[in-house]
Amino acid sequence: MAVGRFTAFRAKVYDESPWYAPIRALLIELEQHGRFPSADELTALHQRHVEARGLPALRFVEVPRKKPRRKGPIDPSTLYEGLVTVRGEVPTRRDDWHDLFNALAFLTFPRAKRALHARQFAILRARLEPTATKLPNARTREQDALTLFDEGGLVVASPAPIADAELGEAMRAGRARVVPFGHALYEHMVAQAPCPLATVHAVSLPASVDLDALDRALADALSAPSAFLVPSPERGTSLPALLSAQNP
């Protein structure tokens with residue numbers, strides 16, 4: 001998705017929608033630059049907010065928009081999933097909302113994002129022959145499920161299961177906490193484009209749960225071999241509709 005690629009940087013974007021709440025403090029901290037942060041500045045932000053808590057280091061590395069042509073057999077560790085999992089590097093394009101929101105997802109859900117990409121890397125490595133010079137033509141259903149959640153995931157915390165149609169009311173009543181996980185959701189919001197339907201994953205936690213607990217629960221789910229095997233059969237959840245239901 002690249003709907004935000006040509007959207008200029010603007011300050012105080014976090015005031016444009018309540019859905020920015022999970023990354024609001026990070027956006028405010030970045031606001032001092034008055035521009036898109038560099039890869040090094042994102043790395044420093046990760047050091048202050050994630051590594052300072054004893055979690056693994058991660059480095060954001062600036063890459064060109066156009067990928068260089070690959071020659072010879074594919075080394076999985078040089079692909080995106082391998083760079084994240086093996087080298088602790090996140091390829092990041094300059095002045096790009098999509099990649100900025102992806103970086104903020106790594107800061108907000110450090111365990112879950114690592115778990116998701118480690119699983120994607122394991123699948124990819126198993127599918128590639130040692131002499132392969134091309135990637136598989138299509139993703140597996142499991143890869144589809146993980147990719148859809150990475151881009152458009154929504155995590156719902158509630159002590160008891162809640163139907164998607166009842167989420168807005170449950171939020172208003174304090175029975176559920178709904179938090180965007182997928183960075184493409186934020187990208188569509190900042191570009192003021194129609195927001196894609198979100199893929200929901202529910203965790204059995206109180207609605208008052210903090211982001212760290214959500215991250216732990218989501219990392220466990222993404223690491224479980226029985227979860228995220230196929231894309232959700234549900235149509236998806238609309239963030240604007242949720243807000244309308246929450247604030248009639």
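Visitor: How are residues numbered, and what pLDDT do local features need?
Guide: Residues are numbered from 1 along each chain as its sequence is written, and side-chain values use heavy atoms, with hydrogens and water left out. In this predicted model, side-chain atom pairs count only at pLDDT 80 or more, totals for chains, interfaces and linings use all residues, and local features need pLDDT of at least 70.

Visitor: Which residues of helix 5 are buried?
Guide: Helices are DSSP runs (H or I, at least four residues), strands are DSSP runs too (E, at least two), and both are numbered from the N terminus. Buried means under 20% relative accessible area, exposed over 50%, partly exposed in between (1.4 Å probe, protein chains only). The buried residues of helix 5 are Pro110, Ala112, Lys113, Ala115, Leu116, His117, Arg119, Gln120, Phe121, Ile123 and Leu124.

Visitor: Which helices do the buried residues of helix 5 pack against?
Guide: Contact means heavy atoms within 4.5 Å. The partners of these buried residues are helix 3 (80–87), helix 4, helix 6 (141–152), helix 8 (183–190) and helix 9.

Visitor: At what angle do helix 4 and helix 5 pack?
Guide: Axes are lines fitted to C-alpha atoms, for helices over the stretch in contact, and angles run from 0 to 180 degrees between N-to-C directions. The axes of helix 4 (residues 97–108) and helix 5 (residues 110–127) are 5 Å apart, and the angle is about 110°.

Visitor: What does that make helix 4 relative to helix 5?
Guide: Angles under 35 degrees count as roughly parallel, over 145 as roughly antiparallel, 65 to 115 as roughly perpendicular and the rest as oblique. Helix 4 is therefore, relative to helix 5, roughly perpendicular.

Visitor: Which residues does helix 5 bring to the contact with helix 4?
Guide: Helix 4 supplies Asn102, Ala105, Phe106, Leu107 and Thr108. From helix 5 come Pro110, Lys113 and His117.

Visitor: Where do the axes of helix 6 and helix 8 stand, and what does their crossing make helix 6?
Guide: These axes come within 4 Å and cross at roughly 40°. Relative to helix 8, that makes helix 6 oblique.

Visitor: Is Gln143 buried or exposed?
Guide: Gln143 lies in helix 6. Leaving aside neighbours within four places in sequence, Gln143 is in contact with Gln120, Ile123, Leu124 and Arg127. Its relative accessible area is 6%, so Gln143 is buried.

Visitor: In what order do the three strands form the open sheet?
Guide: Two strands pair if DSSP finds at least two bridges between them. Strand 4 (177–180) and strand 5 (199–204) stand at the edges, each with a single partner strand, so one side of each has no neighbour in the sheet. The pairing is mixed, and the order is 4-3-5.

Visitor: Which residue is the bridge partner of Val156 in strand 4?
Guide: Strand 3 (residues 153–158) and strand 4 pair in the antiparallel sense over four bridges. The partner of Val156 in strand 4 is Val178.

Visitor: Which strands does helix 9 touch?
Guide: Helix 9 (residues 211–223) packs on the sheet, and its direction makes about 105° with that of strand 5. Helix 9 touches strand 3, strand 4 and strand 5.

Visitor: What is the phi of Lys12?
Guide: Most residues other than glycine have a negative phi. Lys12 lies in the segment before helix 1 (24–30). Lys12 is partly exposed, at 47% relative accessibility. Lys12 is not a glycine, yet its phi is positive, about 60°.
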